[in-house]
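Dear colleague,

Please find below the structure that I am handing over to you. My notes on what was found in it follow directly after.

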Amino acid sequence: MSALKQGHGQWSSRMGFMLAAVGSAVGLGNIWKFPYMVGQSGGAAFVAVYLICIAMIGLPIIVAEWMIGRRGQKNPINTMADLAEANGRSKGWVMVGVSGTLAGFLILSFYSVIGGWALSYLIDAVSGGFTGMDKDAAGAAFSGMLGNPGSLTIWHTAFMVLTAGVVAMGVAGGLERASKILMPALGVLLALMVGYGAASSGFGQALEYLFAPDFSKLTGEVVLAALGHAFFTLSLGMGVMIAYGSYLGEKVDLLRAARTVAIMDTVIALAAGLAIFPIVFANGLDPAAGPGLIFVTLPLVFGQVTGGVILAGMFFLLLTFAALTSAISLLEPSVELLQERTPLGRVGATLLASAVIWALGIAALLSFNVWSDVLIFGNNIFDLLDKLTSKFLLPLTALGAVLFVGWCLDRDSVRDELNLSSGGFALWNLVVRFVAPIGVLVVFVSSL
């Protein structure tokens with residue numbers, strides 16, 4: 001393994017790194033997407049397949065990305081260039097770093113727009129804006145927000161300013177410190193929400209829905225959905241984990257850290273289900289309502305139940321925290337690249353990257369209103385960015401990372417770094433060389 005690069009940012013502690021990595025993995029996908037995917041995909045049967053996919057595909061890829069980052073000690077692009085050269089491999093491997101950094105850059109542009117939605121709803125929640133809201137009013141509020149480019153711009157800007165403010169303070173002072181505050185706060189809020197759900201009449205139904213599998217509901221489509229979400233939920237293929245690995249000391253056990261991140265990410269996703277579904281079932285709502293579950297259905301409930309203002313405030317604060325912990329990680333690879341490839345310092349690199357991402361986000365949010373007729377390959381700008389990253393850049397980046405570690409790095413050095421026995425290393429090779437790449441290819445081909 002290469003020595004740590006002098007002057008390169010480092011996590012101040014293993015716990016700080018773990019919280020930052022979990023924060024990156026825990027985002028809107030856990031609080032917003034996972035519950036409605038469970039609802040749309042048959043409940044507990046989906047959860048069971050998802051957990052298997054996390055173990056067989058998510059874990060080896062996250063370890064591979066961290067390993068690449070730790071060995072390179074640079075931004076993802078420079079790291080891949082250096083490691084390819086050091087191992088006598090084609091310069092073409094640098095595209096793994098390019099696609100990952102580009103993916104994180106593009107994702108943040110529209111992710112920030114959704115983060116702005118969460119901020120907007122947080123303000124509405126604490127000001128009692130949901131009180132007495134009926135179904136038509138809930139739908140109209142969401143549609144009205146999407147149709148107002150001025151309002152969307154304000155909230156998108158506010159969210160990007162929060163994100164940039166954290167990243168500008170550096171690895172230990174920004175990313176790590178924010179994670180040490182936001183992740184425990186997120187955990188407390190989620191525990192309070194689960195406690196509220198446990199006291200409701202819908203909790204038993206929610207438990208059954210999440211943890212009593214009906215495997216007759218398993219279809220090829222459900223398996224693919226579980227496989228895809230297991231892959232995307234850990235922030236794989238975005239350059240994030242390579243960048244985070246570059247700030248990692250040599251003493252951290254990568255396999256153990258990956259297991260912890262995967263377990264915590266999954267626990268939080270399941271807890272989100274236990275927070276949301278009791279409310280859904282207690283009020284006779286549809287658990288498979290899709291993306292509108294968070295921004296249309298739940299505000300309707302919050303407006304009707306006792307203590308709804310407090311409950312809504314907690315929920316949308318939770319959603320905002322989850323969005324922010326992921327957003328700061330998405331910005332980091334671009335900032336690290338600018339720091340190392342230009343004369344810009346940390347603050348200047350953050351401002352430049354954030355400004356360009358913000359501008360692209362403006363184009364994304366306009367696709368809901370004044371640019372709704374602007375279509376590229378049949379997609380508006382928001383959907384195009386989403387599909388380009390999720391269907392192409394993420395799987396290809398993750399595939400490249402796991403193949404590079406499995407086939408290009410020296411086997412003895414990898415075994416030593418992972419501290420594996422001969423039997424354990426044989427299993428690692430099987431998974432990293434064949435199982436995980438095949439799983440990623442299945443996601444990639446099926447998404448097309």
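Ser 235 is buried, at a relative accessible area of 5% (buried means under 20% relative accessible area, exposed over 50% and partly exposed in between, with a 1.4 Å probe and protein chains only). Ser 235 sits in the loop that runs between α10 (220-233) and α11 (240-246); helices here are DSSP runs of H or I with at least four residues, strands are runs of E with at least two, and both are numbered from the N terminus. The phi angle of Ser 235 is near 60°, which is a positive value in a residue other than glycine.

Please bear in mind that this is a predicted model, in which local features need pLDDT of at least 70 and side-chain atom pairs count only at pLDDT 80 or more, while totals for chains, interfaces and linings use all residues. Residues are numbered from 1 along each chain as its sequence is written, and side-chain values use heavy atoms, with hydrogens and water left out.

A positive phi is also found at Phe 377, where the value is near 55° in a residue other than glycine. Phe 377 belongs to the loop between α15 (346-366) and α16 (381-407). Is Phe 377 buried or exposed? With a relative accessibility of 78%, Phe 377 counts as exposed.

The axes of α15 and α16 come within 6 Å and cross at roughly 120° (axes are lines fitted to C-alpha atoms, for helices over the stretch in contact, and angles run from 0 to 180 degrees between N-to-C directions). This angle makes α15 oblique to α16, since angles under 35 degrees count as roughly parallel, over 145 as roughly antiparallel, 65 to 115 as roughly perpendicular and the rest as oblique. On the α15 side the contact is made by Leu 360, Ala 363 and Ala 364, and on the α16 side by Ile 381, Phe 382 and Leu 385; contact means heavy atoms within 4.5 Å.

Helix α15 also holds Ile 357, which counts as buried at 0% relative accessibility. Ile 357 and Ser 109 are 248 residues apart along the chain, yet their C-alpha atoms are separated by 5.1 Å. Neighbours within four places in sequence aside, Ile 357 is in contact with Phe 105, Leu 108, Ser 109, Met 160 and Leu 331.

Next comes helix α6 (residues 135-146). Its 12 residues, at 1.5 Å a residue, should span 16 Å, and the end C-alpha atoms are 17 Å apart, which agrees; the expected span is 1.5 Å times one less than the number of residues. Which residues of α6 are buried? They are Ala 138, Phe 142, Met 145 and Leu 146. These residues cover an arc of only 110° around the axis, which puts them on the same side of α6 (the arc is that of the directions from the helix axis to the C-beta atoms). An α-helix has 3.6 residues a turn, so residues three or four places apart point the same way. The cover over the buried residues of α6 includes α5 (94-126), α7 (149-168) and α13 (292-302).

For α5 and α6, the packing angle is about 130° and the axes are 12 Å apart. The two helices α5 and α6 are therefore oblique to each other. The contact is made by Trp 117, Ser 120 and Tyr 121 of α5 together with Ala 141, Phe 142, Met 145 and Leu 146 of α6.

A further helix pair is α3 (residues 44-72) and α17 (residues 411-418), whose axes come within 12 Å and cross at roughly 105°. That makes α3 roughly perpendicular to α17. Val 63, Met 67, Arg 70 and Arg 71 of α3 make the contact with Ser 413, Val 414, Glu 417 and Leu 418 of α17.

Phe 232 is in helix α10 and, leaving aside neighbours within four places in sequence, is in contact with Met 238, Ser 390, Leu 394, Pro 395 and Val 443. Phe 321 is in helix α14 (residues 308-341) and is buried, with a relative accessible area of 18%. Not counting residues up to four places away in sequence, Phe 321 touches Leu 182, Ala 185, Leu 186 and Leu 189.

With kind regards
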